[in-house]
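Subject: Structure for you to look through

Dear colleague,

I am handing over a structure that I would like you to open alongside this message.

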Amino acid sequence: VQLQASGGGLVQAGGSLRLSCATSGRTFSTHIMTWFRQAPGKEREFVAASSWSADSTYYADSVKGRFTISRDNAKNTVYLQMNSLKPEDTAVYYCAARAGYCSGSGCYSYERDMNYWGKGTQVTVSS
């Protein structure tokens with residue numbers, strides 16, 4: 001599976017961005033799709049995840065209510081809609097995938113469990 005994230009950029013605080021992660025290769029629809037991010041000088045952290053059927057999603061507390069993860073299995077693409085962006089959201093965002101199904105808090109993902117990673121896309125939020 002190859003993952004390619006895009007959609008990052010520079011935005012003012014309070015603005016919005018939508019990230020996309022296009023996948024190719026093995027069956028996308030049987031994987032849990034996850035977004036992580038890494039801010040300068042910090043460890044990479046979990047942001048959001050979606051089960052393969054998209055009937056279950058899970059978010060980090062820091063983005064809950066502002067970010068929405070969605071996926072289009074027909075297009076093999078997962079999205080991260082980011083609203084009400086804050087300067088602390090500035091980071092490189094990565095999409096990743098792991099095989100299986102999840103529900104609720106079980107969708108929380110650890111880096112070590114991910115099978116596939118894409119290259120990151122930079123998101124910069126100015127104050």
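Strand β4 and strand β9, which covers residues 91-99, pair in the antiparallel sense, and eight bridges join them. Please bear in mind throughout that this is a predicted model. Within this pairing, Phe36 stands opposite Tyr94 in β9.

Strand β4 itself spans residues 31-38 and is mostly covered, since seven of its eight residues are buried. It is also joined to strand β5 (residues 45-50) by five bridges, and β4 and β5 run antiparallel; here Met33 is the residue that stands opposite Ser50 in β5. If you follow the chain from β4 to β5, you will find that they form a hairpin with six residues between them, and that Gly41 in the turn has a positive phi of about 75°.

The other residue that I would ask you to find is Phe67, which lies in strand β7 (residues 67-72). Is Phe67 buried or exposed? Phe67 counts as buried, because its relative accessibility is 2%, and the cut-off for buried is under 20%.

Which residues is Phe67 in contact with, once its neighbours within four places in sequence are left aside? They are Arg37, Val47, Tyr59, Leu80, Gln81, Met82, Asn83, Leu85, Asp89 and Tyr93. As for Cys95, which is 28 residues from Phe67 along the chain, the C-alpha atoms of these two residues are separated by 14 Å.

With best wishes

Notes
Residues are numbered from 1 along each chain as its sequence is written. This is a predicted model: local features need pLDDT of at least 70, side-chain atom pairs count only at pLDDT 80 or more; totals for chains, interfaces and linings use all residues. Side-chain values use heavy atoms; hydrogens and water are left out. Buried means under 20% relative accessible area, exposed over 50%, partly exposed in between (1.4 Å probe, protein chains only). Helices (H or I, at least four residues) and strands (E, at least two) are DSSP runs, numbered from the N terminus. Two strands pair if DSSP finds at least two bridges between them. Contact means heavy atoms within 4.5 Å.
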